[in-house]
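Please read them with the structure open.

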Amino acid sequence: QIGQFHRDVTLDLSTREHECLAMHCPCNAMFDAMAWMVDLSKLNPTKIQQFLEFQQAVIGRFTGYKVPVIQLLKDTSKEAVCTVFEKVNTGGVALNVFELITATFAAEKFNLRDDWLGSVERNVQGRRTRLHTHDLLRNVEASDFIQSITLLETRTKRHERLAELTKANAGVVPDEDKQQLPPVSAKRKTMLALSRAAYE
């Protein structure tokens with residue numbers, strides 16, 4: 001700890017000896033408290049009882065704290081993953097579609113945020129940078145891009161199904177079959193079901 005004007009050192013904890021003499025156990029020693037106590041017994045033995053009390057009152061709670069974990073298996077549906085993320089995020093800002101898809105793609109070892117924004121650290125040029133070089137696409141944001149891909153993907157699926165029905169019915173598709181064609185959609189649920197293959 002440095003005093004006023006950065007001149008006087010009022011508390012020096014730069015070595016284990018100084019820590020023990022000042023009775024300042026650092027956080028990085030929490031999970032190896034026994035080693036710190038051994039050093040304390042050599043350097044400041046009269047404080048062992050105080051340390052034992054500290055270990056019981058603070059370190060024990062710190063190291064014994066159970067961090068809640070939600071385990072999602074590989075075959076967990078995207079809808080379920082999104083629901084989990086929304087539920088555990090209830091105390092924060094509502095997640096948008098892009099953030100939820102980022103979470104589901106992460107399970108497939110794909111970093112959607114890097115793919116969109118880019119990363120100097122990981123040497124990735126983002127799609128946004130490439131899109132924004134075109135005047136027409138300069139204002140396209142992540143959710144807009146996801147929505148556009150979803151529209152194209154659902155349109156492709158609709159046309160594929162229509163072609164199948166046309167072939168199966170000698171070129172004439174009954175009205176009831178037309179009504180069962182998958183819709184062209186960019187609703188939230190449809191966007192959340194977007195596959196990584198369709199995105200790429």
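1. In what follows, a residue is called exposed when its relative accessible area is over 50% and buried when it is under 20%. The model is a predicted one, and Met34 and Lys42 of helix H2 are exposed by that criterion.

2. The buried residues of H2, by contrast, are Ala33, Trp36, Met37 and Leu40. They span an arc of only 100° around the axis, and therefore sit on the same side of H2, while Met34 and Lys42 are on the other side. An α-helix has 3.6 residues a turn, so residues three or four places apart point the same way. The buried residues of H2 pack against helix H1 (16–22) and H3.

3. Helix H2 (residues 33–43) packs with helix H3 (residues 48–64) at an angle of about 165°, their axes being 10 Å apart. Because angles over 145 degrees count as roughly antiparallel, H2 and H3 are described as roughly antiparallel to each other, and their crossing is right-handed. The contact is made by Ala33, Trp36, Met37, Leu40 and Ser41 on the H2 side, and by Ile48, Phe51, Leu52, Gln55 and Ile59 on the H3 side; by class, this contact has eight nonpolar residues, two polar ones and no charged ones.

4. Most residues other than glycine have a negative phi. Met23, in the loop between H1 and H2, has a positive phi near 55°. Lys109, in the loop between helix H5 (97–106) and helix H6 (112–117), also has a positive phi, near 60°, and counts as exposed because its relative accessibility is 78%.

Technical notes
Residues numbered from 1 in each chain as written. Predicted model: local features only at pLDDT ≥ 70, side-chain atom pairs only at ≥ 80, totals over all residues. Heavy atoms only, no water. Axes fitted to C-alpha atoms, helices over the stretch in contact; angles between N-to-C directions. Helix = DSSP H or I, 4+ residues; strand = E, 2+ residues; numbered from the N terminus. Parallel < 35°, antiparallel > 145°, perpendicular 65-115°, else oblique. Left-handed = near helix turned anticlockwise from the far one by under 90°. Contact = heavy atoms within 4.5 Å. Nonpolar A, V, L, I, M, F, W, Y, C, P; charged D, E, K, R; others polar. Buried < 20%, exposed > 50% of the residue type's maximum accessible area, 1.4 Å probe, protein only. Arc of directions from axis to C-beta.
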